[in-house]
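Q: Hi, I have a structure open and want to talk it through. Can we start with the overall layout and then go to the contacts?

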Amino acid sequence: MSLDAFPWLIGLSTALFMLGAMGVLIRRNPLVVFMSIELMLNAVNLAFVTFGRYLNSQEGQVFAFMVVVVAASEVVVGLALITTVFRTGRDMDVDDLSEMRE
Amino acid sequence: MNVLAGIVGVLALISAIGVVSFRSTIYCALSLVTNMVFLAVLFLLLNAQFLAAVQIIIYAGAVMVLFVFIIALLSPGSEDTPRLDLRFMVGLVAVFYVTLQIFFLVGNGITYDKSATACATQQQAQQKQCAADPLHGSQTGQASNGQSLTYYPDDVNAVGNVQVVGGQLFTTFLLPFEITSLLLFVAAIGAVYLTRHHVTGSRRT
């Protein structure tokens, strides 16, 4: 890919990140909120790899690998929390969660 | 190459919009899988072969299988309506403001010193030549050396992307890599702790 694609890729990464942020804000289903967080992490990965490519460096890929690991562990803990909280058949709505408020 | 990147980028954007806007949870998961596959194609175009494979295996494989399992287990029946209150409006305005700011910065502001990054090698004689085309690595004849941490794509591809990334992981980034294993260990323990059966029945979560 030529050097001209660099701002487009960073723009795509920004757009994906902001779509993920909007999903976190809009959606009520906690599973979809988690998927939006995954979308944001993927957008950050794309930015890392793009910068690493255009700076002739490998650190971007290494750090994106770390981000993948962090995302995997975050999904494991988050889905465990979701199954624990919503196992009793209540509505899947993040606005109803108030156990940790007091 | 640029045409392919453009097509894949547009498709990734469409599938990301699908993640946010689909009403059904399983459709969201499916479009997230497509988004990850398109991003893996972009990683391939950006000379990150190892990360593309990791993206497909871990994200589109393991993580999304976990998501689909949880969707099947919990079966979220009620379709959620998007919330449209004041908090959401403020958040939406903030999101669009930040997006436009970053687009503006990408279009105008973000630059980097091509000559400084491309010529951080010991080949002083060919410095001007590699400044003319910083992305083409083989013309400098400079192997990937650990001192300057400059890896030209052709050199990396000659050695192998997996070898270079693995070498970085086990030399320069050894401590973060080991801390990563600790993080995975803690996450596994946390998942087992959170989902264990309460035998005594005295404690409800």
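Q: What pattern does chain A follow, read along the sequence?
A: This is a predicted model. In it, chain A follows the pattern α-α-α. That is three helices and zero strands.

Q: Ok, and how big a box do the C-alpha atoms of chain A fill?
A: Roughly 55 × 25 × 25 Å, taken along the principal axes.

Q: Is chain A spread out or compact, going by its radius of gyration?
A: More spread out than a compact globule.

Q: What share of chain A counts as buried?
A: Of its 102 residues, 56%.

Q: And how much of its contacts comes from residues 24 or more positions apart?
A: 47% of the contacts in chain A with a separation of 6 or more.

Q: Switch to chain B. How many helices and strands are there?
A: Nine helices and zero strands. From the N terminus on, the elements run α-α-α-α-α-α-α-α-α.

Q: What share of chain B is buried?
A: 26% of its 205 residues count as buried. As for contacts in chain B with a separation of 6 or more, residues 24 or more positions apart account for 37%.

Q: Let's zoom in. At what angle do α1(A) and α1(B) pack?
A: About 5 degrees, with their axes 9 Å apart. Angles under 35 degrees count as roughly parallel, so α1(A) and α1(B) are roughly parallel to each other.

Q: Which residues make that contact?
A: From α1(A), they include A:Trp8, A:Leu12, A:Leu16 and A:Leu19. From α1(B), they include B:Ala5, B:Gly9, B:Leu13 and B:Val20.

Q: How do they divide by type?
A: The contact of α1(A) with α1(B) has 15 nonpolar, three polar and no charged residues.

Q: What about α3(A) and α3 of chain B, how do their axes cross?
A: At roughly 5 degrees. The axes come within 11 Å, and the chain B helix covers residues 49–74. That makes α3(A) roughly parallel to α3(B).

Q: Which residues meet there?
A: Among them are A:Phe65, A:Val68, A:Val75 and A:Leu79 in α3(A). On the α3(B) side, they include B:Phe50, B:Val54, B:Ile58 and B:Leu66. The contact divides into 17 nonpolar, two polar and no charged residues.

Q: Back inside chain B. Are α2(B) and α3(B) roughly parallel or antiparallel?
A: Roughly antiparallel. Their angle is about 175 degrees, and their axes are 8 Å apart.

Q: Who is touching whom there?
A: α2(B) brings residues including B:Ile26, B:Leu32, B:Met36 and B:Phe43. α3(B) brings residues including B:Leu51, B:Ile56, B:Tyr59 and B:Phe67. The contact has 19 nonpolar, three polar and no charged residues.

Q: Last topic: B:Val8. Where is it found?
A: In helix α1 (residues 2–21) of chain B.

Q: Why does B:Val8 count as partly exposed?
A: Because B:Val8 has 19 C-beta neighbours inside 10 Å. A buried residue needs 20 or more.

Q: What does B:Val8 touch?
A: B:Phe38, B:Val41 and B:Leu42, not counting residues up to four places away in sequence.

Q: And how are B:Val8 and B:Gln101 separated?
A: They are 93 residues apart along the chain, and their C-alpha atoms are separated by 24 Å.

Definitions and conventions
Residues numbered from 1 in each chain as written. Chains lettered and ligands numbered in written order. Predicted model: local features only at pLDDT ≥ 70, side-chain atom pairs only at ≥ 80, totals over all residues. Axes fitted to C-alpha atoms, helices over the stretch in contact; angles between N-to-C directions. Helix = DSSP H or I, 4+ residues; strand = E, 2+ residues; numbered from the N terminus. Parallel < 35°, antiparallel > 145°, perpendicular 65-115°, else oblique. Contact = placed C-beta atoms within 7 Å. Nonpolar A, V, L, I, M, F, W, Y, C, P; charged D, E, K, R; others polar. Buried ≥ 20, exposed ≤ 12 C-beta atoms within 10 Å, placed from the backbone. Rg over C-alpha atoms; globule rule 2.2 N^0.38 Å.
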